[in-house]
Amino acid sequence: MDDYERRARLAPGLLALLPISVALAVLGLSKAPVVVSVLTALSLAGGPIVLAELVRHQGQKVQKTLWASWGGSPTIQKLRLLQEGQNSLQRETWRKAVSSVTGIELVSARSERANATRADEAIEVAVGQIRNLTRDPAKFPLVTAENRGYGFHRNLYGIRWTGRITALVVVLGVVGYMLWLANVEHQHALTLVNVLALLATALCLVIWCVLPSQMRMKNAGEKYAYELLQAAVVLAAEKAKPAPEAAP
C-alpha cells in the first residue's frame with residue numbers, strides 16, 4: 001500500500017474496527033490464542049488490502065450520489081461559467097491554465113447554456129489530465145495532501161453506518177457482558193476494567209456519529225479542487241517559459 005491507500009482507505013476501515021479492538025484490549029482478550037490466531041490469519045491473507053478496497057468502493061458509491069446532489073464535483077463547479085457564487089477572475093485564470101496545459105478548449109458560456117452536459121464532460125476530461133500531471137508529491141505536496149484528506153473524509157462518510165453499527169453492537173456487547181456477570185455469575189460487574197471498556201467503546205460510537213459528515217467531505221473536496229487548479233496555473237506558467245538557449 002502507498003501512503004494514500006493507507007491514510008485515505010485503510011485508516012477509515014481501521015476506525016470502523018476500533019471499538020472491537022478497544023473492547024478486546026481493555027477486557028484483556030487481545031492476547032487470547034483464538035484472537036491472536038484470527039488476527040494473524042487475516043493479516044497473512046491480505047486483510048488490510050481487502051478492507052481498503054471495501055472502504056474505497058463505499059466511498060466512491062457515496063461520492064457519486066453526493067456529487068449528483070451537489071450539482072457536480074467541486075472542481076467542475078469551479079470551472080463552470082454559469083455556476084453562481086464563483087470568483088469570475090479566478091475562474092478565468094484557472095480555465096486558461098487548464099486549457100493551456102491539456103490542449104482541451106473549455107466551451108463558452110453560450111455553448112455551456114446550450115449543452116451543459118457536454119461542457120461538463122470537457123471539464124471532466126481536462127481535469128483528469130491535470131490530475132495525472134500533479135501526482136508527484138514532491139512537486140505538488142499540497143495537491144497530494146488535500147487529495148488524501150478528501151479521500152479520507154469521503155471514505156469515512158461512505159462507511160459511516162458500518163462504523164456506527166459496529167460501535168453500537170460492541171457497546172451493547174459490553175453492557176450484556178456486565179449484566180451477565182452480575183446476574184448469572186453473581187460477580188461484581190462495575191469493575192474499573194469493565195467501566196473503561198464501556199466508556200471507551202461509547203466514545204467510539206460518539207466519534208462515528210459526529211466525525212463523518214457531508215459538510216466535512218464537501219469542504220475537503222473544495223480544498224482539493226482549489227489546490228489542483230492552482231497546480232494547473234503552475235504547470236501553465238512552466239509551459240509558457242521560453243526554452244533556454246543552447247550554449248554556442
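This is a predicted model: local features need pLDDT of at least 70, side-chain atom pairs count only at pLDDT 80 or more; totals for chains, interfaces and linings use all residues.
Figure 1. The secondary structure comprises 11 helices and 0 strands. Along the sequence, the elements follow one another as α-α-α-α-α-α-α-α-α-α-α.

**Figure 2. Close-up of the largest pocket and the residues nearest its centre.** The volume of the largest pocket is about 750 Å³. A total of 29 residues line the largest pocket, and those nearest its centre are Tyr-4, Arg-131, Arg-135, Asn-147 and Tyr-224.

**Figure 3. Helices and residue classes in the lining of the largest pocket.** Two or more lining residues of the largest pocket come from each of helices H1 (3-26), H3 (47-70), H4 (74-79), H7 (116-133), H8 (141-158) and H11 (214-240). The greatest contribution to this lining is that of H8, which supplies 6 residues. Sorted by class, the lining of the largest pocket holds 11 nonpolar, 9 polar and 9 charged residues.

**Figure 4. Close-up of a nonpolar surface patch that includes Leu-203.** Helix H10, which spans residues 192-210, contains Leu-203. Leu-203 is classed as exposed because its relative accessibility of 52% falls in the range over 50% that defines this class.

Technical notes:
Residues are numbered from 1 along each chain as its sequence is written. Side-chain values use heavy atoms; hydrogens and water are left out. Patches are made of residues with over 30% relative accessible area and no salt bridge: like charges are joined within 9 Å, nonpolar side chains (Val, Leu, Ile, Met, Phe, Trp, Tyr) within 5 Å. Accessible areas come from the Shrake-Rupley method with a 1.4 Å probe; for residues, only the protein chains shown count as cover. A salt bridge is a side-chain nitrogen of Lys or Arg within 4 Å of a carboxyl oxygen of Asp or Glu. Helices (H or I, at least four residues) and strands (E, at least two) are DSSP runs, numbered from the N terminus. Buried means under 20% relative accessible area, exposed over 50%, partly exposed in between (1.4 Å probe, protein chains only). On a 1 Å grid over the protein atoms alone, a cavity is a set of points where a 1.4 Å probe fits but cannot get out, and a pocket is an open set with protein on both sides within 12 Å along at least five of seven lines; lining residues have an atom within 4 Å of a point. Grid points are joined across faces, edges and corners, and a volume is the space filled by probe spheres set on the points. Ala, Val, Leu, Ile, Met, Phe, Trp, Tyr, Cys and Pro count as nonpolar, Asp, Glu, Lys and Arg as charged, and the others, Gly among them, as polar.
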